[in-house]
Amino acid sequence: MKMLINVPETVVADALRGMAAAHPELTVDVENRVVVRRDAPVAGKVGLVSGGGSGHEPLHAGFVGPGMLSAACPGEVFTSPVPDQMVRAAAAVDSGAGVLFVVKNYTGDVLNFEMAAELAEDEGIQVAQVVVDDDVAVSDSTFTAGRRGTGATLFVEKIAGAAADEGAPLDRVVSVARQVNGSSRSFGVALSSVTTPAKGSPTFDLPAGELELGIGIHGEPGRERRSMMTSGEIADFAVHAVLEDLRPTGPVLALVNGMGATPLLELYGFNAEVRRVLSERGVPVARTLVGNYVTSLDMAGCSVTLCQVDEELLRLWDAPVETPALRWGR
């Protein structure tokens, strides 16, 4: 497989050097693998820290900035960052108001963030954690016990980040993050496999003419494989899977997310089908975000995330944000 890299061993460091060159508003520590808002710590503000394996860009480093994350810790490709990174990030953003770790539900991430929280508290930093587990496709998977953390991570980081930027105390920021996670569900579909730089070839076999329903963002198995379906048929399956679990009684945020190799032309067409299904089910859509936000390297495919929102969550979603990958209102 052709890749725009030098060598697999330096792909993450090279990307971080490029991010630093493109975004002077961030402090990028390439050696220690930590990306921080340049103005951190902000007096009186709760710090938000997240992270995970690289390969899901712009998640998480692309969401560092005002209105969202204070810092992010990128691991190697599809590999959890280590506790030292998380402690370093927490120390860099702690103003004395505490730090919230936003953790996707993958075993390595959960264990390392738990260890980092203990180490940070030994250094006098108050730390809380929220685990994101929104994927309805399967209950246990290759890297998880329980549901996987996927697209809702963006909703949690944005909405909790807005609350933190407004000066909300740590317990309130935690409450908001948990509300968002509890109100969100996701379902993903793969049209192709994913190729990691280290392997250089597809990590699993998906024959031509087939798709995988319920895929994970590392290529973990889903619910079932079927012959290729139309955009409308995929929307019917994915949205119904989400709604059967979420059962919203009010308006939702909708994230129509690309897995990395699906162009916007197709994603917007898919969004039209998602909106059709939601309309047929009587679910009002308050806001929609379409694009590649929680990806899996070069995988072709998509995911749908819905989050039921009240007026306060919608206000926080609409609040200004200024990050490399998400920005409005400033």
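User: Where does His60 lie?

Analyst: His60 is found in the loop between S3 and S4. Strand S3 covers 47-54, and strand S4 covers 71-77. The names come from DSSP runs, numbered from the N terminus: helices are H or I runs of at least four residues, and strands are E runs of at least two. The model is predicted: local features need pLDDT of at least 70, and side-chain atom pairs count only at pLDDT 80 or more, whereas totals for chains, interfaces and linings use all residues. Residues are numbered from 1 along each chain as its sequence is written, and side-chain values use heavy atoms, leaving out hydrogens and water.

User: What kind of peptide bond joins Leu59 and His60, and what kind joins Ala40 and Pro41?

Analyst: The bond between Leu59 and His60 is cis, with omega of about -5°. Ala40 and Pro41 are also joined by a cis peptide bond, with omega of about -5°. Pro41 belongs to the loop between strand S2 (34-37) and S3.

User: How do you know that the largest pocket lies between two domains?

Analyst: Domain 1 (11-181) and domain 2 (182-318) both contribute lining residues, so the largest pocket lies between them; the domain bounds come from an automatic or database assignment. The largest pocket holds about 580 Å³ of space. Its lining has 28 residues, and those closest to its centre are Val11, Ala15, Gly55, Glu57 and Leu297. Two or more lining residues come from each of helix H1 (11-22), S3 and S4, and H1 gives the most, with six.

User: What makes a space a pocket and not a cavity?

Analyst: On a 1 Å grid over the protein atoms alone, a cavity is a set of points where a 1.4 Å probe fits but cannot get out, while a pocket is an open set with protein on both sides within 12 Å along at least five of seven lines; a lining residue has an atom within 4 Å of a point. Two cavities of 30 Å³ or more are found in the whole structure. The largest cavity has a volume of about 60 Å³, a volume being the space filled by probe spheres set on grid points joined across faces, edges and corners. Among the residues lining the largest cavity are Asp135, Thr150, Ser186, Phe187 and Gly188. Strand S7 (residues 184-190) gives the most to that lining, with three residues. Domains 1 and 2 both supply lining residues, so the largest cavity lies between them.

User: Which residues line the second largest cavity?

Analyst: The lining consists of Ala40, Pro41, Val42, Lys45, Val46, Gly47, Ser70 and Val93. The second largest cavity contains about 30 Å³ of space.

User: Why are H6 and H7 called oblique, and H4 and H5 roughly antiparallel?

Analyst: Angles under 35 degrees count as roughly parallel, over 145 as roughly antiparallel, 65 to 115 as roughly perpendicular and the rest as oblique; they run from 0 to 180 degrees between N-to-C directions, with axes fitted to C-alpha atoms over the stretch in contact. Helix H6 (residues 231-246) and helix H7 (residues 264-280) pack at about 50°, with axes 9 Å apart, and are therefore oblique. Helix H4 (residues 152-165) and helix H5 (residues 170-182) cross at roughly 155°, their axes coming within 9 Å, and are therefore roughly antiparallel.
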